[in-house]
Amino acid sequence: MERVIVAAKTVQEALEEGLKKLNTTKDRVSYKVLQEPRVGFLGFIGRKDAKLEIIKELDKKENAKVFLEQVLSQMNLNLKVDIVKENSKEVVLNIDGDDLGIAIGHRGDTLDALEYISNLAVNKGKQDYLRVVLDANGYRKRRKKTLENLALKMSKKARRTGRKVMLDPMPPHERRIIHSALQNKVGVNTHSVGKDPYRKVVIVAE
């Protein structure tokens, strides 16, 4: 949830100002009057504004965005978070900004970790699971292409040498890209060995 405290001449004006700050509508907030307005002597002496505490209730997709923004802020990273795609079962968040390289990390390991904790935070105590997918200015697409090229290159090596080729450890979604890239490739097959986080793909010539 998001919370603001707003002061204005009347309760209604304070509420309207708070809705603007939260970029939402009245039906999506709750509020508490912290101070009633007072006109004062001659209309201005001792006058007091109305003061409201307004709380915006967020849905799971908005919670994912806010949670990630808070984590990145605590990491002192200058990054912006946007919701780029959403449906009832999935939300795709994109981050971009000056510190993008730090947020991605080595081969996307920091990005994967941020995605993992975002999924945990958003779905904690909830029955309906919402998958949070985190991208960084097109990094996922570029990484997928890199892995597909690696798969083809290593499959040629396996066929040329007749020996199995073992790739570096990868997270599950990256191993799936390797398997998918070679599933219809004649002359090689793939399987995974080891336990996460050290599980890796093995390419074997048939």
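**Helix packing, sheets and loops in a predicted model**

Helix α2 (residues 60-74) packs against helix α4 (residues 109-123) at an angle of about 130 degrees, and their axes lie 9 Å apart. The model is predicted, so local features need pLDDT of at least 70 and side-chain atom pairs count only at pLDDT 80 or more, while totals for chains, interfaces and linings use all residues. Residues are numbered from 1 along each chain as its sequence is written, and side-chain values use heavy atoms, leaving out hydrogens and water.

Helices (H or I, at least four residues) and strands (E, at least two) are DSSP runs, numbered from the N terminus. Axes are lines fitted to C-alpha atoms, for helices over the stretch in contact, and angles run from 0 to 180 degrees between N-to-C directions. The α2 and α4 helices are therefore oblique to each other. Angles under 35 degrees count as roughly parallel, over 145 as roughly antiparallel, 65 to 115 as roughly perpendicular and the rest as oblique. The crossing of α2 and α4 is right-handed. In a right-handed crossing the near helix is turned clockwise from the far one by less than a right angle; anticlockwise gives a left-handed one.

Contact means heavy atoms within 4.5 Å. On the α2 side, Lys60, Asn63, Ala64, Phe67, Leu68, Val71 and Leu72 take part; they meet Leu114, Ile117, Ser118, Ala121, Val122 and Asn123 of α4. The residues of this contact comprise nine nonpolar, three polar and one charged. Here Ala, Val, Leu, Ile, Met, Phe, Trp, Tyr, Cys and Pro count as nonpolar, Asp, Glu, Lys and Arg as charged, and the others, Gly among them, as polar.

Asn119 also belongs to helix α4. Its relative accessibility is 11%, so Asn119 counts as buried. Buried means under 20% relative accessible area, exposed over 50%, and partly exposed in between (1.4 Å probe, protein chains only). Leaving aside neighbours within four places in sequence, Asn119 touches Tyr129, Leu130, Arg131 and Val132.

Two strands pair if DSSP finds at least two bridges between them. Six bridges link β2 to strand β3 (residues 50-56) in the antiparallel sense. Among them, Lys32 has Glu53 in β3 as its bridge partner.

Another open sheet of three strands has the order β7-β9-β8, again with antiparallel pairing. Its edge strands, β7 (165-166) and β8 (188-193), each pair on one side only. Two bridges join β7 to the antiparallel strand β9 (residues 200-205). Val165 has Ile203 in β9 as its bridge partner. Helix α5 (residues 139-161) packs on this sheet and touches β7, β8 and β9; its direction makes about 45 degrees with that of β9.

Strands β4 (residues 79-86) and β5 (residues 90-97) pair antiparallel over seven bridges. A hairpin of three residues joins β4 to β5. Ile83 stands opposite Leu93 in β5.

The peptide bond from Asp196 to Pro197 is cis, with omega near 10 degrees. Pro197 sits in the loop between β8 and β9. Asn76, in the loop between α2 and β4, has a positive phi near 60 degrees although not a glycine. At 67% relative accessibility, Asn76 counts as exposed.
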